[in-house]
Amino acid sequence: MKIAQVTPLYEAVPPKLYGGTERVVAHLTDALVDLGHDVTLFASADAQTKARLAPVRDQAIRLDPAPLKSDLAAHLTMLGEVLDRADEFDVIHFHTDMVHFPMFRRWADKTITTLHGRLDMKDLPQVYARWTEFGLVSISDDQRTPLPFANWKATVHHGMPGDQYVFSPRSQGYLAFLGRISPEKRPDRAIEIATKLGKPLKIAAKVDAADKIYWEETIRPMIQGNPLIEFIGEIGDHQKSAFLGGAEALLFPIDWPEPFGLVMIEAMACGTPVVAFRCGSTPEVIEDGATGFLVDTLEQAVAAAGRAGLLDRSVIRDRFELRFSATAMARGYLDVYGDLLVRRPFAESPLPDRVTPLRPLDEARSFALGA
């Protein structure tokens, strides 16, 4: 198939430092190419990809030093490029929320849109009730809860290439927190868990401008003077294997409806168990007692973090390979693409001539998978 992947422009593909959506798009795009598909990636020019790159901005927005930037203008320019080339593709896969809906109504039947963010926000129901012709993919079943009426086609969990993360059979005895310093990610809980256990905690996280006050007033005072806590700052992919692999457990003490939580499977790829609060996607990702522990209270989190070292790290890595590899994710999306193709007018489908319109859906899926 000829597939377009359309990514947000906030981070490079993959991100140089923190970033979730663009990292997932990078892994998905490369996996689709490895499976034999013709993929074009619409992204900033600093993308690293196995696909054919269609650069639409000189660099990703967040690390661009220009003092004045318009993210809306950048994304509209990209969507215009995709629109001009829409007839070239069998499937156009958007990762840009809903911004493309008004422009692509004519081509809605060849698009799929993965929603990567939280959906419990005012104004979103009106959008997804108005543009119902666009098929949507959720990244967890829980993510759908605020919009049960939307045109959901599938849930496809995130995945990543296993060879990007090094399995660590033994930890170095510290706890880890990786992500953002923000109220919903609850680094304060992580600090409290480690302090109660008397275990070292390493925090690798970025501080967005929107969270500066939270950092200065809540988190920095908890770190200063606490010999157990080490704040490392923002790290890139090349540092994650050592950081996560050395941890006895990753603390994921969230307090919001996390749509997925990529850091959980990054830890699992290193063999590191995850202690996660039961919220959002975590029950879909963590297998309680096997790849980590699901908790509801701080007391339960302290107890779970204390026994995380008893879990078999090789089993955790094996479960990652089975459930969350980049290939598993790509095959999940190829099922979605196959469903999309079989529902379009047959004259527009890229299926071989020998396949008739009356063949069952599984044959379209088989073709999508390259069989």
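This is a guided tour of a predicted model, stop by stop.

**Before you start**

Residues are numbered from 1 along each chain as its sequence is written. Because the model is predicted, local features need pLDDT of at least 70 and side-chain atom pairs count only at pLDDT 80 or more, while totals for chains, interfaces and linings use all residues; side-chain values use heavy atoms, with hydrogens and water left out.

Helices (H or I, at least four residues) and strands (E, at least two) are DSSP runs, numbered from the N terminus.

**Stop 1: the seven-stranded sheet**

Select β1 to β7. They form an open sheet of seven strands, in the order β3-β2-β1-β4-β5-β6-β7, with parallel pairing. Two strands pair if DSSP finds at least two bridges between them. Go to the edges: β3 (52-57) and β7 (152-155) each pair on one side only. From one strand to the next, the twist averages 20 degrees.

Now pick out β1 (residues 2-6) and β2 (residues 38-44). Five bridges link this parallel pair. Find Gln5; its bridge partner in β2 is Leu41.

Move along to β5 (residues 111-114). Three bridges join β5 to β6, and the two run parallel. Select Ile112: Gly135 of β6 stands opposite.

Next, show helix α2 (residues 71-84). α2 lies across β1, β2, β3 and β4 (91-94). Its direction is at about 140 degrees to β3. Such angles run from 0 to 180 degrees between N-to-C directions, and axes are lines fitted to C-alpha atoms, for helices over the stretch in contact.

**Stop 2: Thr21 and helix α1**

Select Thr21. This residue is in helix α1 (residues 21-34). Contact here means heavy atoms within 4.5 Å. Leaving out residues up to four places away in sequence, Thr21 touches Pro8, His95 and His116.

Bring in helix α11 (residues 326-342). α1 and α11 pack at an angle of about 75 degrees, with axes 9 Å apart. That makes the two helices roughly perpendicular. The classes by angle are: under 35 degrees roughly parallel, over 145 roughly antiparallel, 65 to 115 roughly perpendicular, and the rest oblique.

Show the side chains between them. From α1 come Val24, His27, Leu28, Ala31 and Leu32; from α11 come Ala326, Thr327, Met329, Ala330, Tyr333, Leu334 and Tyr337. This contact of α1 with α11 divides into 10 nonpolar, two polar and no charged residues. Ala, Val, Leu, Ile, Met, Phe, Trp, Tyr, Cys and Pro count as nonpolar, Asp, Glu, Lys and Arg as charged, and the others, Gly among them, as polar.

**Stop 3: the six-stranded sheet**

Select β8 to β13. This is an open sheet of six strands, ordered β10-β9-β8-β11-β12-β13, with parallel pairing. The edges are β10 (229-231) and β13 (292-295), each pairing on one side only. The twist averages 20 degrees from one strand to the next.

Zoom in on β12 (residues 274-277). Four bridges join β12 to β13, and the two run parallel. Val274 stands opposite Gly292 in β13. Then show α6 (residues 237-245), which packs on the sheet and touches β8 (174-180), β9 (201-206) and β11 (247-252).

**Stop 4: helix α4 and its partners**

Select α4 (residues 187-197) with α5 (residues 212-223). Their axes come within 10 Å and cross at roughly 10 degrees. The pair is therefore roughly parallel. Pro187, Asp188 and Ile191 of α4 meet Tyr214, Ile219, Met222 and Ile223 of α5.

The axes of α4 and α9 come within 9 Å and cross at roughly 60 degrees. These two are therefore oblique to each other. Arg189, Glu192, Ile193, Lys196 and Leu197 in α4 meet Leu298, Ala301, Val302, Ala305 and Gly306 in α9. The contact of α4 with α9 holds six nonpolar, one polar and three charged residues.

**Last stop: helix α7**

Select α7 (residues 262-269). Eight of its eight residues are buried. Among them are Leu262, Met264 and Glu266. Step just past α7 to Gly271, which takes a positive phi of about 85 degrees.

Note on methods:
Buried < 20%, exposed > 50% of the residue type's maximum accessible area, 1.4 Å probe, protein only.
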